[in-house]
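Thanks for coming. I have one structure to go through today, and I will take it piece by piece.

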Amino acid sequence: MSEASVEMKRISILGSTGSIGTQTLDVVRKYPDRFRVTALSCAGNIGLLEQQIREFRPLTAAVYDEKAANDLRVRTKDLDVRICSGMEGLIEITSQTEADIVVTAIVGMIGIVPTWEAIMAGRDIALANKETLVTAGHLIMDAAREKGVRILPVDSEHSAIFQALQGRADSKIRNLWITASGGPFRNMSAEELEKVTVKEALAHPTWQMGPKITIDSATMVNKGLEVMEARWLFDVTPDQIKVVIQPQSVIHSMVEYEDGSVIAQMGVSDMRIPIQYALTYPTHLPSPAKPLDFTALQKLDFATPRNEIFKGLPLAIEALKKGGSMPAVFNAANEWANARFREGLLRFPEIYDVISFSMSRHQILAHPSLQDILALQGEVERDCEHYGR
Ligand code: MG
């Protein structure tokens, strides 16, 4: 296909000032003839959002915080951009403003409703909001099928699996192998883990990410969330999903087929590769990322996750197997505990204790609706306040 015949893709970004959002704009910057940004949004970082509006000239921008939205209206008076706010604003940019694909680069359960509305409006999704599939995978995948919407994974592991599945629709999967760096503490003992600081937990060895997900990587909760996502995204059973530590973060995940062939996707740890693939699928195009140098790398290591110490993964698998509303409880309890740890109010291993505590107190709803799931977050948060009392 010649460059001239490529159709312009209109992109709306939910969460454009965060780590995934800014890297998405890096990709867009490289391909001004392919992509047009029609909507941007942030929670409250209007300084950066204003710069992005001036550079990319979207039709609409949403700021979750009402007061910050008002400030931004004043600051962008000279521009032809509509500024909206609150949850309505997020829904407006994912379902009302024109777009072919919505990048859901927002962290937390706040991303679920705007993603749902984007699917209802028939927009393809470049999915980076984990909570959407973790808590509502059963509803989201059905809705996407019904609306003919593509869910294109942005997370490096799911992008790797998605890439390894291309062109093999008739082949049966034996297992999915999700790789994990293991985070900064992967060799520590349980005693050492008691003493780790927030600063140490925020220093990830191979990936540059936002603070919430960096802590989730250190606890292995992030890997647990990824296992849950993979179950829905690729329609496999929990037992078909294996996790292996790959400390160099070079193999981003693998698909093992029935004949024993294993297809891996490799590359440098640069999120712009999977982000770009979600936007240019099914084509691989030149990327701003560095090439992978195998001669400098020399070796790849593998190890089994230490589930007895890093309980984020086994707790997630337990929640996934229990099913229904339990994954949403796992997720909400972790959100609460992750934030308390970052505030210095919990020790690192207590994150696991809070999740266990919350899961043990929950009465499972077998088929939770979107409303049930949203209501659960508040219920779980209130329940978590009883932890340690
Ligand atoms: Mg990941």
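What is the strand order of the open sheet of seven strands? The order is E4-E3-E2-E1-E5-E6-E7, and the pairing is parallel. Before I go on, a word on the source: this is a predicted model, where local features need pLDDT of at least 70 and side-chain atom pairs count only at pLDDT 80 or more, while totals for chains, interfaces and linings use all residues. Residues are numbered from 1 along each chain as its sequence is written, and side-chain values use heavy atoms, with hydrogens and water left out.

Back to the sheet. Two strands pair if DSSP finds at least two bridges between them. At the edges sit strand E4 (82–85) and strand E7 (151–153), each pairing on one side only. From one strand to the next, the twist averages 20 degrees. Inside the sheet, strand E2 (residues 35–42) pairs with strand E3 (residues 60–63) in the parallel sense, over four bridges. One detail of that pair is that Ala 39 has Thr 60 in E3 as its bridge partner.

Helix H2 (residues 46–56) packs on the sheet and touches E2, E3 and E4. Contact means heavy atoms within 4.5 Å. The direction of H2 makes about 165 degrees with that of E2; axes are lines fitted to C-alpha atoms, for helices over the stretch in contact, and angles run from 0 to 180 degrees between N-to-C directions.

Next, the metal. Which residues are the protein donors of the magnesium ion? They are Asp 155 (OD), Glu 157 (OE) and Glu 226 (OE), at 2.1 to 2.3 Å from the ion. Donors are N, O and S atoms within 2.8 Å of the metal (3.2 Å for Na, K and Ca), and water is not among the atoms, so sites may look incomplete. The sequence spacing of the donor residues is D-x1-E-x68-E. Glu 157 is in helix H7 (residues 156–165) and Glu 226 is in helix H11 (residues 221–233), so this pair ties together parts that are 69 residues apart in sequence. Buried means under 20% relative accessible area, exposed over 50%, and partly exposed in between, with a 1.4 Å probe and protein chains only. Glu 157 is buried at 7%, and Glu 226 is buried at 1%.

H11 also has a helix neighbour. Helix H10 (residues 211–219) packs against H11 at about 95 degrees, with the axes 5 Å apart. That makes the two helices, H10 and H11, roughly perpendicular, a term that covers 65 to 115 degrees. On the H10 side the contact includes Lys 212 and Ile 213, and on the H11 side it includes Val 221 and Leu 225.

Last, the backbone. Most residues other than glycine have a negative phi, and most peptide bonds are trans. Asp 235 has a positive phi, near 50 degrees; this residue is in the loop between H11 and strand E9 (241–245) and is exposed, at 61%. Ser 253 also has a positive phi, near 160 degrees, but Ser 253 lies in strand E10 (residues 251–257) and is buried, at 0%. The peptide bond from Tyr 281 to Pro 282 is cis, with omega near 5 degrees, and Pro 282 is in the loop between helix H12 (272–280) and helix H13 (294–297).

Key: Parallel < 35°, antiparallel > 145°, perpendicular 65-115°, else oblique.
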